[in-house]
Amino acid sequence: MSAKELDKLTWPEIRDELAAGRDTVVIAFGATEQHGPHMAMATDALIGDHMAALIAEELDAFVAPTVRVGCSSHHLAFAGTLSFSAETFHAIVADLVASLARGGFRRVVMLASHGGNFGPLQAAIEKLGPDPGIEIVGMTDLGALATVAQFGAEKHGVPVNEGGLHGGEWETSMMLAIAPDLVHMSRGEAGYTGDPMGALAGLFEGGVDSIAPNGVLGDPSAASAENGRRYWAKVVEIAMDQIGPAQGE
């Protein structure tokens with residue numbers, strides 16, 4: 001078996017897959033926001049597309065369309081960024097869960113592919129209460145980003161501060177591996193290269209522009225598609241460790 005794209009199927013095809021036991025759906029929550037002068041606004045949404053497809057393959061699940069706008073208020077100083085309020089985001093999560101439960105799915109796996117969505121996704125899941133009618137698994141640990149950056153330091157020799165948290169080496173490498181036409185390395189430049197985890201509170205409160213005027217947290221100069229492929233394998237490993245097996249397995 002392999003992943004099935006939910007929106008490419010007819011409803012009877014989905015009904016039959018559910019009856020045959022394929023009752024898990026994976027959905028990513030990405031963003032449309034600035035990624036420095038070298039990467040497209042769609043970066044987090046495209047990473048969400050790819051990550052959800054990879055995880056759905058691992059789980060023999062359906063993959064739903066990525067939610068392509070997220071909680072990005074800390075990027076609004078940069079032209080083109082779109083953002084939901086936390087309340088809107090919570091309502092979207094609740095409506096999607098209700099839709100999937102009504103449609104007969106038994107398990108939904110929710111992935112945050114944008115740093116600003118981790119906290120709101122966890123809060124949205126908590127608001128649903130103990131019995132939303134479907135098993136919910138959320139990848140909501142922001143520490144996953146630090147794990148990826150540390151992997152870059154250990155495997156690629158890229159210092160954690162250059163790997164960064166946004167538009168740095170590891171995120172640029174991941175995009176070079178899946179959408180190289182949307183990465184403009186000739187425009188790549190370092191932004192904030194201090195302690196990335198120490199910068200988290202400041203960037204969410206004062207905006208990314210208060211720390212990095214070019215919108216980059218890290219340095220993309222050492223990025224490569226080869227590094228990106230290794231990061232993707234690590235991301236799947238991290239995600240599967242958090243998701244775990246379905247109930248009953």
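Leaving aside neighbours within four places in sequence, E17 is in contact (heavy atoms within 4.5 Å) with K4, R22 and F62. This is a predicted model, where local features need pLDDT of at least 70, side-chain atom pairs count only at pLDDT 80 or more, and totals for chains, interfaces and linings use all residues. Residues are numbered from 1 along each chain as its sequence is written, and side-chain values use heavy atoms, with hydrogens and water left out.

E17 sits in helix 1 (residues 11-19); helices here are DSSP runs of H or I, at least four residues, numbered from the N terminus. With R22, the E17 side chain makes a side-chain polar contact at 2.9 Å, that is, a pair of N or O atoms within 3.5 Å, one able to donate a hydrogen and the other to accept it; residues adjacent in sequence count only if both atoms are side-chain atoms.

Now for the inside. In soluble globular proteins, nonpolar side chains tend to be buried together. The largest nonpolar core here has 64 residues, and F105, M110 and L111 touch the most other members. Such a core is a set of buried Ala, Val, Leu, Ile, Met, Phe, Trp, Tyr and Cys residues joined through side-chain atoms within 4.5 Å, buried being under 20% relative accessible area with a 1.4 Å probe, protein chains only. Helix 9 (residues 225-243) gives the most to this core, 7 residues. Not counting residues up to four places away in sequence, M110 touches I27, F29 and V93, among others.

Methods. Buried means under 20% relative accessible area, exposed over 50%, partly exposed in between (1.4 Å probe, protein chains only). Helices (H or I, at least four residues) and strands (E, at least two) are DSSP runs, numbered from the N terminus.
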